[in-house]
Amino acid sequence: MQLPWRAAPRAALSSPLTLLVSIATTLLLGFVVAAAVLHSSSSGSAALAYQQGRICPQSLHPSLDGDELPLATVVSMSSRSPLGAVYTRIDRPDFNGIATYGRFGYRPDALSHLTVVQGGGTGLWVPQTIATAARVRVGDRLTGSSLVVSAIYADLAHPVSGWWCSEAKTVVPNPLSGDGASTSVIWVPRVADLASLPPEFSSGASVSLRFPTEPLSTLAEAEALRDNGNALVSSLGLPLTRTDLLSSVITAARTSERNVTSALLPLVIVSVLVGLAGVGTVTVQWAQRRHSELRLLWVRGASPLALGCRGVLELGLPLVLGGLLGLVAARLLLPLYAPGVVLARGTLWVALGFVLAVVVASLAVTVLVASWRTDRTFQRRARSWRLSLVPWELVVALLAVLAWVRLSRNGLGTAVKASELPRIDVAALTFPLLVVLAAALFATRLLRWSLGWSHRVQWWRVPAAQLALRRLAAAVGPVTGVLLVGVLAVGTIAVGSAVAGAQRSALDSKSGVFVGANSTVQVSQDIALGRVPLPSSLRGNTTLVGVSTGALVVDPATFTDAAVLDDAPAVRTMLSSLRRTGDIAPALRIGRSPNQEIQVPGLPLLKPVASLPAFPKLGTRGYVVARDSVPAVEQVGSWHLWSSLPLSALTSALQDAGVHYTNVADRGRVLDGLPFLTVEWTFGFVAAIGVVLAVVAAVALLLAIEVRRRQNAVSGALSTRMGMRPSVLWSSHLMEVGTLALLALVVGALASFVSAGVAVPRLDPAPWLNPAPMLPDLTSLLGLMVLGGLVVVVVAAWLALRGVRTARMGELLR
């Protein structure tokens with residue numbers, strides 16, 4: 001027979017609630033799929049941006065370097081790149097008969113990136129250190145050359161600007177190295193001026209060829225630059241050493257993107273299956289609403305498959321529209337859940353393809369479920385076997401145990417070298433989520449059993465509670481579904497937020513322990529001997545620390561002002577007790593160090609008198625001795641300034657005071673944070689999925705109440721006519737909805753906090769560094785979830801009572 005094809009789409013308008021639910025279901029389904037694609041692409045771009053921020057911009061393009069070459073040869077080579085620098089060997093240029101160590105150099109536009117102290121012009125630019133040591137003044141002539149000094153400039157010092165970063169090892173002197181090992185550069189304004197230098201500078205020169213480029217946004221741009229750059233460098237045919245940092249950057253970014261994608265894949269698959277189950281539920285409800293019409297068509301000869309196609313005609317357009325809206329929502333909300341907003345070219349088309357795929361799957365599920373429903377209703381007897389009888393919670397619990405075994409054995413994953421990204425074990429990552437899912441299934445089954453026995457409960461002394469319990473028992477299917485989704489929502493939000501927050505704090509704490517303070521620099525022993533005073537601007541935020549093999553020499557009075565410590569007062573008290581009274585110096589034993597007297601080079605005999613599990617810079621192994629216990633401070637290996645200030649503030653204060661330093665370290669840049677960010681991005685998306693599930697749970701609850709509006713209206717109106725106070729009825733609905741919200745919040749929070757608390761220390765991208773990740777404080781998150789639950793409960797109770805207040809008793813009875 002001919003089905004009424006034209007009337008089917010218009011007939012869908014008679015059930016606006018079904019249309020809204022269909023659109024909302026595929027909207028969330030399309031959002032999850034599209035967001036996963038966009039999130040994975042943005043994670044690769046974000047990883048590229050992070051890695052670019054850690055390397056010199058001028059080293060992004062493949063570059064060339066060479067040394068120990070004739071000066072004329074390197075001058076010729078320097079013209080082969082837009083930013084070619086030439087440096088002579090280190091020798092003793094003579095200006096006034098007082099020769100000091102120095103070297104000459106040329107780099108295009110170098111003079112405009114220097115700070116002039118005196119003079120200017122287009123002659124020789126002499127650094128201030130050489131000018132002071134050799135008494136060079138503007139107008140002096142270089143002995144053996146026609147070149148004249150025209151300017152004195154301030155020496156370059158760490159940290160240098162981005163324009164100098166690729167040349168830092170050459171242009172920034174190490175004031176603590178031996179004579180002639182390092183020096184500042186005397187700059188010439190033109191490369192041809194190098195031919196006028198004295199003959200002793202004509203050999204042993206070095207060259208650097210740089211190819212400046214714009215910052216990269218996507219991995220495709222980076223790969224194109226790498227390939228084109230290597231081809232360009234190869235075409236030059238120069239016998240120089242090639243440096244290709246971009247390849248390692250691309251590899252790290254690609255690995256991060258793959259790790260995020262592989263970690264999200266199981267979650268996305270489960271979400272898609274849940275979404276398709278939701279589509280099937282909507283189809284079942286549609287079949288119930290269209291029972292009479294479907295039976296009429298079946299009697300007239302329509303097959304179950306044809307009736308299933310009728311379901312697509314009614315629900316197909318809303319399903320397609322919902323999927324497209326999900327794609328739009330995923331793109332618009334990208335800044336809220338993704339690590340970046342830059343997407344690879346064609347990512348939106350890929351996301352559209354996946355959305356269309358799940359939309360087609362939704363249509364197929366609609367056809368199959370509608371066909372199965374009509375076939376079972378009109379042709380076959382219903383089978384008694386139900387999926388609810390399968391102990392799914394035990395199956396999921398077994399998977400959680402297997403995931404825990406993987407997590408306890410391998411941790412987050414493995415890496416060949418400490419500098420490489422870990423190969424994330426997806427099975428280990430899923431452990432906390434599997435625990436939450438098992439808890440949700442177990443709570444759902446217990447609730448179903450409890451509501452099945454609820455008819456035995458007699459709480460008529462508390463009529464509000466009795467009515468709430470009976471309404472829950474009457475709608476056991478929607479109630480258990482809302483509880484399941486609610487527990488999953490609370491659990492995934494908590495797990496995602498906990499692991500992501502733990503990764504952020506772990507990176508910060510590990511870098512603090514690795515460096516010791518926010519910033520550090522190595523200084524000469526003159527500061528330890530008191531010959532050079534510490535600048536006044538650094539007092540109260542900086543301390544002097546001596547470093548010997550396996551031991552630190554600290555000042556108890558100032559150490560806690562700068563060092564990164566968890567319990568500064570306790571450490572200060574322990575350090576103050578380290579007072580030497582004889583030949584043996586008391587010391588703190590750190591972690592696993594032997595509890596016995598030990599001789600450290602440059603230090604007196606150390607005797608442990610107390611212990612700490614960990615200590616900045618030392619980690620979990622070493623000794624700490626007070627500075628007053630060390631009689632010969634000049635025998636200590638090296639001296640460093642630790643400061644709570646940023647590195648730029650510390651070095652600026654030292655430069656203003658004329659204090660020489662080297663070997664700078666910045667807490668924010670000392671560790672590669674990409675392994676931590678990869679895990680953080682992954683679980684950040686988990687938290688985003690939890691928010692989606694929370695919306696699903698709230699909407700499902702409100703729709704379930706709206707569907708029962710007539711039933712609630714009849715019951716409420718009759719109850720009030722029989723003498724029940726409106727406040728009791730209001731309390732009854734609050735108890736009904738509040739019980740579900742409270743159960744979801746308690747079960748989800750407990751399952752997530754327990755599983756995350758166990759898993760977080762194991763999810764460590766850098767287990768060789770202490771401390772291990774710790775569960776962050778989630779009090780504020782819990783408060784937000786409680787507040788959101790209260791809002792949903794109040795709105796749901798208001799919807800339930802709205803029908804009672806507006807009901808007309810005569811129409812209800814009729």
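Biologist: In which strand does Thr543 lie, and is Thr543 buried or exposed?

Modeller: Strands are DSSP runs of E with at least two residues, and helices are runs of H or I with at least four, numbered from the N terminus; Thr543 belongs to strand S13, residues 542-548. Buried means under 20% relative accessible area, exposed over 50%, and partly exposed in between, with a 1.4 Å probe and protein chains only. Thr543 counts as buried because its relative accessibility is 1%. This is a predicted model, in which local features need pLDDT of at least 70 and side-chain atom pairs count only at pLDDT 80 or more, while totals for chains, interfaces and linings use all residues. Residues are numbered from 1 along each chain as its sequence is written, and side-chain values use heavy atoms, with hydrogens and water left out.

Biologist: Which residues is Thr543 in contact with, leaving aside neighbours within four places in sequence?

Modeller: Contact means heavy atoms within 4.5 Å, and on that basis the partners of Thr543 include Asp555, Phe559, His640 and Trp642.

Biologist: How many salt bridges does a search of the whole structure find?

Modeller: A salt bridge is a side-chain nitrogen of Lys or Arg within 4 Å of a carboxyl oxygen of Asp or Glu, and the search finds 12. One of them joins Arg254 and Glu223, with the closest N and O atoms 3.1 Å apart. This pair links distant parts of the chain, Arg254 in helix H7 (residues 245-289) and Glu223 in helix H6 (residues 219-236), 31 residues apart.
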